[in-house]
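This report covers the helix packing and nonpolar cores of one model. The sequence and structure are shown first.

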Amino acid sequence: MSSLTPPPVPMELHAVNRRKLCDSLRLHLSSSDRTLDGFVLLQGGEEKNRYCTDHAELFRQESYFAYLFGVREPDFYGAIDIGSGKSILFIPRLPEDYAVWLGEIKPVSHFKETYMVDMVFYVDEIVQVLSEHFKGSGKPLLYLLHGLNTDSGNLSKPASFEGIEKFETDLTTLHPILAECRVIKSSLELQLLQFANDISSEAHVEVMRRVKPGMKEYQMESMFLHHTYMYGGCRHCSYTCICATGDNSAVLHYGHAAAPNDRTFEDGDLALLDMGGEYHFYASDITCSFPVNGKFTSDQSLIYNAVLDAHNSVISAMKPGVNWVDMHKLAERIILESLKKGSILTGDVEEMMVERLGAVFMPHGLGHFMGIDTHDTGGYPMGVERPKEPGLKSLRTARDLLEGMVITVEPGCYFIKALLVPAMENGKTSKFFNRERIERFKNIGGVRIESDLVVTANGCKNMTNVPRETWEIEAVMAGAPWPPVTTGNNTTTK
């Protein structure tokens, strides 16, 4: 069961996003003495079949289009008149037999009302409508979306349609401005992100309660997906679920087709579950690590608390103006200090930092922007360079924090053979390792703890609500309530 109800989605959210884009574009164009005549034009996502079959894959809207228009259906176009701010949707003209197989063919008035836009026409009317509404001289000007996604290395697809040669097109202006608009979240966006976190936090706790040695990893995935869909209306997941146990928890992106969450886990294993539901396009990204039998061993506690201390220290230090590379290094330092206290490492921690030993145990970045995409846009705008050192080069942003950013905090500590063996054989780093202790801990796999944070004026707010302390996890897995029950002046999960 769940105490949560999916909230209504205010289409005003997307109207706010459009106004934000128009304001940013007008400022940019005015500062460079350019006319405000012209249109932003985006092409929405297209429905695709599975290879050569007639099986239509479950459609999910292209993220930039979702940000500006909130449209669920495929094959739309959307335009914004930069000067007036007026919005136009262009919908596909559906064949008559659509009504037989797929449901009622909605009139244009339905989409105007549903998506709170100023005008709606058909896709085959794009040329005529935009030409008639253009206020400037010469060919109408279209600002199209074309630019690099710094996480994937892929380019966004500019809109294309029959008759586009009748327009002037600008492929460079829009992308950096729109990507930056997505970095700072509005209050309406934060409400949806919070619900995605609430239902996903609840689902993680439900999985914790029901896990037993002897189950399959995919059963944990199934429980999570069921809970977020059944009680949260999350038809989509924010990303492929990572349900790793034992050695698999050292595989950073486990859960893909070649490693499909299919191991039978055993008494004594640690589980690392990285899963997040998506609600009206907005993501959550939460990782919990816990023993499948409900009780931490002393060795498991050592690694888990090293990561938890890093997680909590970063959250305590976060505020506007703090640099994310510095936060990553803070997490690394705390984990290395904990490993030294546990006699897994030996030597000077500052020297370890210089030799980038932290990247051996945490090769991924500390966290990433999150919003309509799990790895959201804006990590490396013009002028922000990606670090080149091991570990740091995996950071998805190197920016200073700003109020309104949403970013994950996800330190981890892993025993990855492909990284440990070379480091233990390297002349500069071999001296730091206690080989006997490494041998003892290598089968733990890895621990990651991930929460979703919004940067506030004076610090940050954690949107994720799951058990984090070892005693909290053990209590919840034994049947204690979560969130903790408050009685009088005492709060307890026991």
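## Surroundings of helix 15

In this predicted model, the buried residues of helix 15 pack against helix 7, strand 11 (286-291) and helix 9 (298-317). Those buried residues are Thr470, Glu472, Ile473, Ala475, Val476 and Met477. Helix 15 spans residues 470-477, and six of its eight residues are buried, so it is largely enclosed by the rest of the structure. Just after helix 15, Gly479 has a positive phi of about 115°.

## Helix 7 against helix 8

Helix 7, one of the elements packed against helix 15, runs over residues 187-210 and also packs with helix 8, residues 217-232. The angle between the two is about 140°, and their axes lie 9 Å apart. Because of this angle, helix 7 is oblique to helix 8. The crossing of helix 7 with helix 8 is right-handed.

On the helix 7 side, the contact is made by Phe195, Ile199, Ser200, Glu202, Ala203, His204, Glu206, Val207 and Arg210. Helix 8 contributes Met220, Met223, Phe224, His227, Thr228, Tyr231 and Gly232. Of the residues in this contact, eight are nonpolar, five polar and three charged.

## Nonpolar cores

The largest nonpolar core holds 77 residues, and Met318, Trp324 and Phe361 have the most contacts inside it. Helix 10 (residues 324-341) supplies the largest share of this core, with eight residues. Leaving aside residues up to four places away in sequence, Trp324 touches residues including Val314, Met318, Leu366, Leu395, Arg399, Leu401 and Ile407.

A second, separate core has 48 residues, among them Leu13, Phe76, Val120 and Ala283.

Definitions and conventions:
Residues are numbered from 1 along each chain as its sequence is written. This is a predicted model: local features need pLDDT of at least 70, side-chain atom pairs count only at pLDDT 80 or more; totals for chains, interfaces and linings use all residues. Side-chain values use heavy atoms; hydrogens and water are left out. Axes are lines fitted to C-alpha atoms, for helices over the stretch in contact, and angles run from 0 to 180 degrees between N-to-C directions. Helices (H or I, at least four residues) and strands (E, at least two) are DSSP runs, numbered from the N terminus. Angles under 35 degrees count as roughly parallel, over 145 as roughly antiparallel, 65 to 115 as roughly perpendicular and the rest as oblique. A crossing is left-handed if the near helix is turned anticlockwise from the far one by less than a right angle, and right-handed if clockwise. Contact means heavy atoms within 4.5 Å. Ala, Val, Leu, Ile, Met, Phe, Trp, Tyr, Cys and Pro count as nonpolar, Asp, Glu, Lys and Arg as charged, and the others, Gly among them, as polar. A nonpolar core is a set of buried Ala, Val, Leu, Ile, Met, Phe, Trp, Tyr and Cys residues joined through side-chain atoms within 4.5 Å. Buried means under 20% relative accessible area, exposed over 50%, partly exposed in between (1.4 Å probe, protein chains only).
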